[in-house]
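Hi everyone, thanks for coming. Let me walk you through the pockets and the surface of this one.

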Amino acid sequence: QLIPNTYKFNIEKFDELNLPENTQYGLMAQAVEKVLPEIVANTKMGNNEIYKSINYNAIISILVAALNEQQNVIDKQEESMESILKRLEKLEQEK
């Protein structure tokens with residue numbers, strides 16, 4: 001559900017924050033908030049506007065868990081494929 005994006009900070013608007021000028025890679029906080037609201041923070045800036053930020057450290061553990069889950073699925077699929085191939089070989093030998 002989360003789609004990586006590229007973006008650039010508005011360095012003119014937030015000159016005092018010393019933000020990098022180059023292209024950034026990440027997720028949009030508004031999109032993350034719909035899926036994982038607990039890792040999105042709201043910060044009130046000097047201009048009284050509220051800006052959202054993401055706790056990327058929290059995403060790391062979520063990604064590791066997703067990778068582990070995906071690997072479990074792959075392992076089960078490999079076991080099933082091996083079983084199917086063995087049955088096919090046995091059927092071929094019986095012919």
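A quick word on terms: helices (H or I, at least four residues) and strands (E, at least two) are DSSP runs, numbered from the N terminus. What you see is a predicted model, so local features need pLDDT of at least 70 and side-chain atom pairs pLDDT 80 or more, while totals for chains, interfaces and linings use all residues. Residues are numbered from 1 along each chain as its sequence is written, and side-chain values use heavy atoms, without hydrogens and water.

Okay, pockets. On a 1 Å grid over the protein atoms alone, a pocket is an open set of points where a 1.4 Å probe fits, with protein on both sides within 12 Å along at least five of seven lines; lining residues have an atom within 4 Å of a point.

The second largest pocket has a volume of about 210 Å³, volume being the space filled by probe spheres set on the points. Helix H2, residues 56–94, gives the largest share of its lining, four residues. Among the lining residues are Gln1, Leu2, Tyr56 and Ile59.

And the largest pocket? Its volume is about 600 Å³. Of its 20 lining residues, Tyr7, Phe9, Tyr51, Lys52 and Ser53 are the closest to the centre. Helix H1 (29–35), strand S3 (40–44) and strand S4 (50–54) each give two or more residues to that lining, and S4 has the largest share, with five.

Last stop, back on H2: Ile84 sits in that helix. Ile84 counts as partly exposed because its relative accessibility is 41%, between the cut-offs of under 20% for buried and over 50% for exposed (1.4 Å probe, protein chains only).
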